[in-house]
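Dear colleague,

I am handing over the structure below, and after it you will find my notes on what turned up in it. Please read them with the coordinates open beside you.

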Amino acid sequence: MSLQTEIMTAMKAAMRAKDQTALAALRAVKSEILLVQTSGEGGELTEEQEIKILSKLVKQRKDSAAIYLEQDRKDLALPEIDQAEVISQFLPEALSEEEIEKVVIMTIDQLGAVGMKDMGKVMGIVNKELAGQADGKTISNIVKAKLS
């Protein structure tokens, strides 16, 4: 089942349950998918593109929630966090730091990377391999630790 079909099914369920938070999150996903499809690329999205869209939306909501919490606005942060959780349901299972570290070490060995000058190469490959399964910030921290 495609992501769009899953989103539509979840939207119908959210409408029946009158879950406004889930509905808002799912509408945002649907909107973003439609924007990408009509931006000239057209056709069906690849799984990689779908994961990228979902990751972007989750990150936006988490960043917004962090800003709201810094400003002591829990009333605004909670819906953002809830929406991030709803969208995260459609992402692949996240990897633990140990699993990410294994992939980073394997990539460093394959590339023969030494030092921070090779960080970009390592990050590019690891980000592509772990798309949607790991946060870029976590990957970056692990790569920095291993290359320094």
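In H6, the residues Met119, Val122, Met123 and Val126 are buried, where buried means under 20% relative accessible area, exposed means over 50% and partly exposed lies in between, with a 1.4 Å probe and protein chains only. Because these buried residues fall within an arc of 100 degrees when seen down the axis of H6, they line one face of the helix; the arc is that of the directions from the helix axis to the C-beta atoms. On the other side of H6, Gly120, Lys121 and Lys128 are exposed.

The model is predicted, so local features need pLDDT of at least 70 and side-chain atom pairs count only at pLDDT 80 or more, while totals for chains, interfaces and linings use all residues. Residues are numbered from 1 along each chain as its sequence is written, and side-chain values use heavy atoms, with hydrogens and water left out. Helices are DSSP runs (H or I, at least four residues), numbered from the N terminus.

The buried residues of H6 pack against helix H5 (97–111) and H7, contact meaning heavy atoms within 4.5 Å. The axes of H6 (residues 119–129) and H7 (residues 136–147) come within 10 Å and cross at roughly 140 degrees, the axes being lines fitted to C-alpha atoms over the stretch in contact and the angles running from 0 to 180 degrees between N-to-C directions. That makes H6 oblique to H7, since angles under 35 degrees count as roughly parallel, over 145 as roughly antiparallel, 65 to 115 as roughly perpendicular and the rest as oblique. In this contact, Met119, Val122, Met123, Val126 and Asn127 of H6 meet Gly136, Ile139, Ser140, Val143, Lys144 and Leu147 of H7.

Lysine 18 sits in the loop between helix H1 (3–17) and helix H2 (20–41) and is exposed, with a relative accessible area of 67%, whereas aspartate 72 belongs to the loop between helix H3 (47–70) and helix H4 (74–88) and counts as exposed at 61% relative accessibility.

Glutamate 44, in the loop between H2 and H3, is likewise exposed, at 59% relative accessibility. Leaving aside residues up to four places away in sequence, glutamate 44 touches Gln4, Gln37 and Gln49; glutamine 4 is 40 residues from glutamate 44 in sequence and 9.6 Å from it in space, C-alpha to C-alpha.

Note on methods. Helices (H or I, at least four residues) and strands (E, at least two) are DSSP runs, numbered from the N terminus.
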